[in-house]
Amino acid sequence: MSLCDESAVTLARRLRTGGISSRELTESVLERIEAREPDLNAFVTVTRDRALEAADRADRRFREGQAVPPLNGLPVAVKDNLCTRGVPTTCAARILQSYVPPYDATVVERLKRQGAVILGKTNLDQFGMGSSTENSVFGPTRNPHDPDVVPGGSSGGSAAALAAGETVLALGTDTGGSIRLPAAYCGVVGVKPTYGRVSRYGLVSYASSLDQVGAMGRRVEDCALLLGAICGRDPRDSTSADVPVPDFTDGLERGVRGLRIGLPGEYFVEGLDPGIRASVREAVALLEREGAEIREVSLPHTRYAISAYYLIATAEASSNLARFDGVRYGFRASSRGDDLLGMYEATRSEGFSREVKRRIILGSYVLSAGYYDAYYLKAQKVRRLVKEDFDRVFETVDCLAAPVSPCLPFRLGEKMDDPLQMYLVDVYTAPLNMSGLPGLSLPCGRVQGLPVGLQLIGRAFDEAVLLRAACAYQQAAGGSDGP
């Protein structure tokens with residue numbers, strides 16, 4: 001096994017004992033990137049020189065006997081909607097292709113403080129709008145398990161890079177499933193934390209009340225390690241929660257004996273791929289054999305969640321993306337029209353993809369005076385009902401188990417001309433973003449040779465229980481390093 005295929009926890013231990021150097025590890029990962037990128041297209045920017053310099057600094061800390069943080073010397077990939085000082089942050093959109101931030105997002109800042117080696121920026125659906133990482137100005141990312149199918153989205157670049165050994169850890173963002181879906185499709189682990197657990201400062205917003213930065217890794221322990229490094233209150237983010245950050249790696253080995261796991265009936269209805277249904281049921285049965293108590297529960301308003309989600313998300317997108325107008329930063333169309341309005345129209349028409357423009361138009365429509373009450377306000381009421389469903393079931397269970405996606409990874413281009421089918425891929429993930437709850441995806445088998453993801457859903461700020469249950473499944477299923 002190559003160095004870049006080992007788990008982050010194993011590599012961190014070897015770095016601390018002097019078994020390997022960070023430069024040796026980073027060079028191994030960069031070699032893998034060079035070999036695989038022509039086929040995968042997981043990265044949009046690789047900062048090779050910066051990464052090697054960071055690796056050398058990490059090795060110096062080890063040699064000098066300094067007290068080093070857990071991530072010191074570990075390579076990390078960053079989704080390209082998180083600001084990185086001096087490195088382009090494009091959101092995979094033409095309108096931001098020339099934008100180089102003068103500051104770091106808080107999560108990037110915390111990675112650097114931990115001594116992590118940032119490899120570069122990963123591909124995504126433009127502004128996080130998509131479920132396949134096909135909607136990118138840099139072209140689609142391909143799934144390492146089958147280059148003819150999608151890696152999921154919008155954090156498909158991060159997930160594909162992990163699955164291919166192009167990085168050891170990765171950051172993603174999740175607005176309606178954008179960490180959990182690609183984690184499931186690529187056979188890695190992804191954690192969407194509770195809303196407010198991780199600072200959004202420096203994240204280019206898609207839908208501010210739904211977006212959340214999260215951790216991705218090849219093993220549950222890896223995600224626990226990364227999550228601990230990026231969580232915590234940030235005074236620069238007014239939505240950042242002032243709650244204690246536990247050691248997420250502590251208690252992973254406790255198992256699930258006595259844990260009450262709910263099985264929501266609404267997540268196993270018609271439309272779910274039979275192979276996915278069987279894989280998830282087998283995973284739940286394994287957790288039951290390990291000592292968990294399985295209970296059937298109901299989330300009756302789930303059927304309305306995806307419709308309400310897309311009304312709220314597009315409404316917020318139409319407001320957030322109004323700042324991209326060709327005046328202050330980023331791309332400006334050469335055919336500027338005869339006046340300021342003409343310049344706006346030309347810039348936004350050329351700078352945004354078809355999908356981004358579709359969502360902006362839909363969001364503007366539902367926020368308009370004549371339709372605000374009928375659509376946006378009603379969607380917010382549904383959001384409350386969805387949240388109350390979760391509150392009610394968490395009075396009787398500790399977490400929920402469900403599929404991540406109703407379908408297997410689909411072929412490239414299969415759903416691009418049918419937006420509704422693409423949106424329905426988020427049917428099992430979007431309710432968590434509506435409710436602000438934490439969710440985790442981990443591999444639970446394969447169907448037709450493609451990975452299947454088990455989704456675990458927890459109470460607010462109770463990521464530790466999800467990680468514990470996921471680790472118990474991973475150990476019982478005999479998981480090994482790498483996807």
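Trainee: Let's start with helix 5. Are its residues buried or exposed?

Mentor: Remember that we are looking at a predicted model. Helix 5 covers residues 156-163, and eight of the eight are buried, so the helix is largely enclosed by the rest of the structure. The buried residues are Gly156, Gly157, Ser158, Ala159, Ala160, Ala161, Leu162 and Ala163.

Trainee: Which residue with a positive phi follows helix 5?

Mentor: That is Gly165, with a phi near 75°.

Trainee: Now for a pair of helices. How do I describe helix 11 and helix 12?

Mentor: Two packed helices are described by the angle between their axes and the distance between the axes. Here, helix 11 spans residues 354-367 and helix 12 spans residues 372-393. Their axes come within 7 Å and cross at roughly 105°. Angles of 65 to 115 degrees count as roughly perpendicular, and helix 11 and helix 12 are therefore roughly perpendicular to each other.

Trainee: Which residues meet there?

Mentor: From helix 11 come Tyr365, Val366 and Leu367, and they meet Tyr372, Tyr375 and Tyr376 of helix 12. The residues of this contact divide into six nonpolar, no polar and no charged.

Trainee: Where does Phe352 lie?

Mentor: Look in the loop between helix 10 (340-351) and helix 11. Buried means under 20% relative accessible area; Phe352 has 4%, so it is buried.

Trainee: What is Phe352 in contact with, leaving aside its neighbours within four places in sequence?

Mentor: Its contacts are Ile95, Gln126, Phe127, Leu321, Phe324, Lys357 and Ile360. Take Phe324: it is 28 residues from Phe352 in sequence, while their C-alpha atoms are 9.4 Å apart in space.

Trainee: Phe127 is on that list. What else does Phe127 contact?

Mentor: With neighbours within four places in sequence left aside, the contacts of Phe127 include Cys91, Ala93, Val204, Tyr206 and Val356. Phe127 also belongs to the largest nonpolar core, which has 152 residues. Leu74, Leu111, Phe127 and Phe390 touch the most other members of that core. Helix 9 (residues 302-320) gives the most to this core, with 10 residues.

Trainee: Finally, strands. How do I read strand 7?

Mentor: In a regular strand the side chains alternate between the two faces of the sheet. Strand 7 (residues 260-264) is mostly covered, with four of its five residues buried. Strand 7 runs parallel to strand 8 (residues 293-297), and five bridges join the two. One place to look is Arg260, whose bridge partner in strand 8 is Glu293.

Terms used:
Residues are numbered from 1 along each chain as its sequence is written. This is a predicted model: local features need pLDDT of at least 70, side-chain atom pairs count only at pLDDT 80 or more; totals for chains, interfaces and linings use all residues. Side-chain values use heavy atoms; hydrogens and water are left out. Buried means under 20% relative accessible area, exposed over 50%, partly exposed in between (1.4 Å probe, protein chains only). Axes are lines fitted to C-alpha atoms, for helices over the stretch in contact, and angles run from 0 to 180 degrees between N-to-C directions. Angles under 35 degrees count as roughly parallel, over 145 as roughly antiparallel, 65 to 115 as roughly perpendicular and the rest as oblique. Contact means heavy atoms within 4.5 Å. Ala, Val, Leu, Ile, Met, Phe, Trp, Tyr, Cys and Pro count as nonpolar, Asp, Glu, Lys and Arg as charged, and the others, Gly among them, as polar. A nonpolar core is a set of buried Ala, Val, Leu, Ile, Met, Phe, Trp, Tyr and Cys residues joined through side-chain atoms within 4.5 Å. Two strands pair if DSSP finds at least two bridges between them.
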